[in-house]
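Subject: Structure handover

Hi,

Here is the structure I promised to pass on. Please open it alongside these notes.

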Amino acid sequence: MLTTETETPSSDPPAPAGRRAARGDHRVDPRGYALMIAWHLVGAGAAVVMFLLASRGGDDELPGTMSIFLRIFALASFVAHAYAAFGIAKRQRGARVVSLVVSYLVFVVATVAVLHQLGAFTAIGKLGEGLSKAFVPFLVVAIGLIWVLVAGQIATSRPGSPAIGVLRRAGWALAAIGGIAFVVVSDPSGMLSALVDRVTQPITIGTLLIAAAALAATLFMWRRDVAREFETTAAQQQVLTGLAFLSPNLLGFLFFFAGPLLFSLVVSFYDWKTTGTGRSFVGIDNYVEALSLDVSSAPAANAGVEVLKPNYQVLAHLDWFGQHWVVGARDVTFWLSLRNIVIFLVLAVPLAVLPALVLSSILASQLRGMKVFRAVYFIPSVAGVIGVAIIWGQLFQSTVGWINYLIRRAGEILPFVEPPAEGHAWLSSSSTALLAMVIVFGWMSFGFNTVLYLAGHQSIPKELYEAAEIDGARTWRIFRRITVPQLRNTTFYVLITTSILALQLFDIVWILSTPQPGGPDNATMTPVIALYNEAFKDNNRGYASALAWVLFAIIFGFTFAQFRRDAGSSTSAGVS
Amino acid sequence: VSVRRKGPKATAIRVLTYAVLLAVGVIVMFPFVVAVSTSLKRNSDIFTYPPSLVPRTERTVTDADRGFENATVYNLAGRDGAYALVDDDVPIGEFRRVDGTGDVIAVAPDLATETDATVVVDGDDETVYLLAIDGEEVEVYRQRLTVGGLFEPIDGGEPVVELVNNATADKTLGPRFENFGQVISEKNVGRSLTNTMLVTIGVVVGQIVTSVLGGYAFARIDFRGRDKLFLIYLGSVMIPFVVLIIPLFQLMLQLGWTDNLVALIIPFTFTAYGTFLMRQFFLGIPKELEEAALIDGAGRFKILWRVMVPLARPAIATLATFGFLYAWNSFFWPLVIINSGNPDNGVLPLTLATLGGRSSTDTNLVFAGAVLAMAPPILVFLFAQRYFVENSASSGLK
C-alpha cells in the first residue's frame, strides 16, 4: 500500500509549531503584510466583478451551465481572497497556505494568459516551419547535445579525467554553434516584430503586471521568516511543497482532462450543433436517440419501415418462431457499428490472444534465439498503425495483391484450398471487409500480448514444471494442465486490454475501408467512426458526445471486470 | 518446455518448435519486406502479376557503333534473343494472309509490294499485297496501319519492327532510391517529418518534466490527501480518449489552437501513466540517500535534480520511449485537429493517410513515405528494447 514517511523536522523551512522566531532578528517588515492584504482585497474585488459579469448571462456557448461554473469559480476565489486578507491581518496559521495557493494560481493563470496574448503557444506550431528550413543546424544541435550526454556517461565511469571535460565543452560548443545557425537560418524576424506589436498592447501589459504582482506575493509568502511568523506546521508545509511539485501535472490534468471530461458529459445532454444557432438542453434525448430499438412483427417478409414507429429505420429482418420480425432503430448506423464491433471482438480478440499464449509458452523455454523472436514479434505493435494499414491495403489488393496470389498458389498445391474467384476484392466486398480488419488487428496485437504473457510466465513456479518432467508428462499435457491454468490471471488481463483496444477500432478501418470510412455499406462501420462522422462531418457535437459516453459505458464494463478481479485476487490495481 | 531432454524425439520437437517460431516470424516480417521492396520500385513495376519482391528496372544497352544509346532491352514474343528499342515511332503495317490462315503479320509497310488485285474482306474491298515470308511470296491484305517500335538485335543481325504490345521489357534488379527523395520534396513528407519531430520532442520533454515532478511528489512528499489524489490519477487511465475528443476540440477552438502543432503537444505533456511510472520508480529508491541530502540542508528541488533524477535514468528512458512511440504514431487527434487541406501543419501519419488514401497514385512514393514513418519507431524500439519490453509487461501486471 501507499507508503508514508516521517520527515525530519529540521530539514524543512518552517519551524515546528509553537517555536517562535527570535523577535527582532527575523522580524518581517509589516509593510509587506499590508501590501499582501491589499493584494488579496483587490483580488476579492476582481472576483466580485467576475461574479457580476457572469450573472449577466453570456451570449456564448452553453450560457446556463457556463455561467453557473463561472459564478461558482468567482465565489470560491472571492472567499479565498477575503479569507487570505483577513487571515493575514490576524496572522492566522491557515492564511499563509490559502494566500500562497491563491497567489500561485493567479500567477500561473496570468502568465499563461500573457503567453497566450503574445502568441507564444501558437508560435510553437510555427516552429515547425523554422525546423524544416533549418533542419541541418537542428541536427548539429542534436548531435552536440548527444555528444554532451555521452561525454557525461563516460565521465561517470571514469571520473577525474580532464580530457572528458574538454570533450563535454566541445559538445556544448557544437550545440551552441548549431543553435546560432538555427536562429539565423530559420529567420525569426517576422515572429519577433509580431511579438513587439503584441507586447505593447495595454491588455498584455495589464496581465503582465498582475502576473508580476502574483509572483511577488507568492515569493513573499514563501519566505522562511514569514512561515515562522505564521507558525506554519510541518504538515502544512508538506502540503505546500507537494502541491508545488505536483502543480504542473495537476493543472494540466485539470485543464486538459478533468475539465473537458465534465464538459463532455454536460454537452451530451444538449442538442448542440455547430452549424445551427440552437443549443438547447434536451435531457437524455441524445441517449434515447442513440439506443432506441423497436421490434415489430410483420405480416410479410418484405415489410419495411411502415410497421415501425415513426422515425425508426429498418435495422434487420428476423425470422423467429415462424413469424417475421422487423427490427428498427432510430440511429441505424450506430447500431450497425455496434453489431460490427461485436463480430470484430469475437474474431479479433482470439486471434490476438491465442497465438500469444502458445508462442509465449515456447519463448519462455529459454531456447537459444528467443529474444530475437520476441523482438521480431513485437515490431508490428510499434511500427505505427497508418504505415501498417497502408501495407496491408496493398497486400489485400484484388488483382496483384499478395494475399490473393498466395491463396491461388496454395490452391494449386493443396487440394483442399479452394482458390478464390478471380481477383477477390477483400476490402470492397461487404462479406470480407471486416475480416480483413480482423486479420490486420490480430497481426498487429499478438506480439504485444506475447510479451505480456511472458511476464506472466515468470510468476509460474519452476517446481511445477520440474515435477511434471519427472512424471514424464507430455508437452501438450504440461501446457494444458500447468501453463494455461497458471496464466489465468494474465489471460484475463490480456483479454480485457485487447477487447478495450478492439472496441475503439478506428485507424485501421479509416485507412483500409472503401469507398468511404466504414464502407462498403457500413460493413466496417465502427462506433468510433460513427462518432467521428457525427461530431466532425455532421457537426452534431451534443449527440456525438452522448455516443462517446455510451461507448465509454461499454468499455467501462470491461475495465470494471478487470478491477473487480484485481480487487478479488491478491494483485492490486497498481498501488503496490 | 521439455528442452532439456535428449534423444531423437526431443530433437524433433525442437526442430518443430523452431519451425513454428520461424513461420510466425515470416508472417510478421513479410508485410515489412513487401513495404521496403515496394518503396524501392518503379510505379509501373508494382501493378504486375504475379507480385514480386524484387524491385526491377528495365535493362538498357548502349552500342555507339550501331548508333543507340541507353536503349531499353526487350524480349519479343515469338522471337529469340534480346532486342534494343532504337525507335518507338516507326510505321507498322498489320497484314493478314488472303486465305485467312496464320496470325497477324506486323512489318514495316514498305516491305509489302502493292498489287492491282483486291480481295473482299467483311464486305470491304482490300488491296492485295505481296510479302516475302521465309523466302516465299505470300498474298496478304493490310488490316491496319499503325506505329510500333524498331528493335535492333543486341547480338547483331537485321533490325525488326514489332508492335509494342508484343514486346516485354527485359527487367533486372534495380532499386529506385530516388523514391525517398521524391516523396520528401514533392509530397510534403519532408515538412511532415520535421513537424513530427518537433511534436515528438515537445511531448517527450514535457512528459518527462511533469511526470518526474509529479511522481516525486506522489512518492516522497507526504501531504494530506495525496493518496486520494493518486487514486483519481490512476482512475483517469480508464477513460478512453474518445470521450475527450469533442471537448478537447472545443477547447482548442476557444484557444485558437486548431490547425496548429501546439494542439498536438501541450495537451499531451501531462500523463497519468508517466506519473505512475515515475512514482513507482522513486518509491524503490532508498530513503536514506535523500535524507542525507535533506540534513545537509539541500532543498527538495535540488535533491530531486541532483540525487533522484540521475538514479531514475532507466525509468526516464522508459517514459521517453513510450512518449516517443505515442507522439510519433498518433493519428486520431491530428486527424481531428489539423486541417488536412493545409499540408504545412501535417504530421507523418496524417500526411501518409492522405497520400495513401483511396484516391492515391504513386504507390511507390506512398510506400517510401510509409517506410520513412515506420523506421524511427522500429529503430527506437530495437535500441530501447530493454526498457520497453520490461515495462510493457509490468505496466499492468504489477
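The contact between the two chains takes 123 residues from chain B and 123 residues from chain A; contact means heavy atoms within 4.5 Å. The model is predicted, so local features need pLDDT of at least 70 and side-chain atom pairs count only at pLDDT 80 or more, while totals for chains, interfaces and linings use all residues. Residues are numbered from 1 along each chain as its sequence is written, chains are lettered from A and ligands numbered from 1 in the order in which they are written, and side-chain values use heavy atoms, with hydrogens and water left out.

Interface

About 11,000 Å² is buried between chain B and chain A. That is the accessible area (1.4 Å probe) that the two parts lose on being put together, summed over both. Carbon and sulfur atoms give 73% of it. Eleven residue pairs, both at pLDDT 80 or more, are in polar contact between chain B and chain A. A polar contact is a pair of N or O atoms within 3.5 Å; within protein, one must be able to donate a hydrogen and the other to accept it, and residues adjacent in sequence count only if both atoms are side-chain atoms. The interface of chain B and chain A has zero salt bridges. The rule asks for a side-chain nitrogen of Lys or Arg within 4 Å of a carboxyl oxygen of Asp or Glu.

On the side of chain B that touches chain A, helix α1 (residues 8-39) of chain B gives the most, with 18 residues. Helices (H or I, at least four residues) and strands (E, at least two) are DSSP runs, numbered from the N terminus. By class, that side of chain B has 84 nonpolar, 23 polar and 16 charged residues. Ala, Val, Leu, Ile, Met, Phe, Trp, Tyr, Cys and Pro count as nonpolar, Asp, Glu, Lys and Arg as charged, and the others, Gly among them, as polar.

Salt bridges

Over all chains the count comes to 13. In chain A, A:E289 pairs with A:R330, the closest N and O atoms being 3.2 Å apart. A:E289 sits in helix α11 (residues 285-291) of chain A, and A:R330 in the loop between β5 and α12, 41 residues apart. A:E289 is partly exposed at 27% relative accessible area, and A:R330 is partly exposed at 26%. Buried means under 20% relative accessible area, exposed over 50%, partly exposed in between (1.4 Å probe, protein chains only).

In chain B, B:D45 forms a salt bridge with B:R56, with the closest N and O atoms 3.0 Å apart. B:D45 is in the loop between α1 and β1 of chain B, and B:R56 is in strand β1. B:D45 is buried at 0%; B:R56 is partly exposed at 23%.

B:E290 and B:R300 meet at 3.3 Å, N to O. B:E290 lies in helix α8 and B:R300 in helix α9 of chain B, so the pair ties together parts ten residues apart in sequence. Both B:E290 and B:R300 are buried. Shared partners join B:R220, B:E290 and B:R300 into one network.

Hairpins in chain B

Strand β6 (residues 113-121) pairs with strand β7 (residues 124-133) in the antiparallel sense over six bridges. Two strands pair if DSSP finds at least two bridges between them. B:T118 has B:T127 as its bridge partner. Two residues separate β6(B) and β7(B) in this hairpin, and B:D122 in the turn has a positive phi of about 50°.
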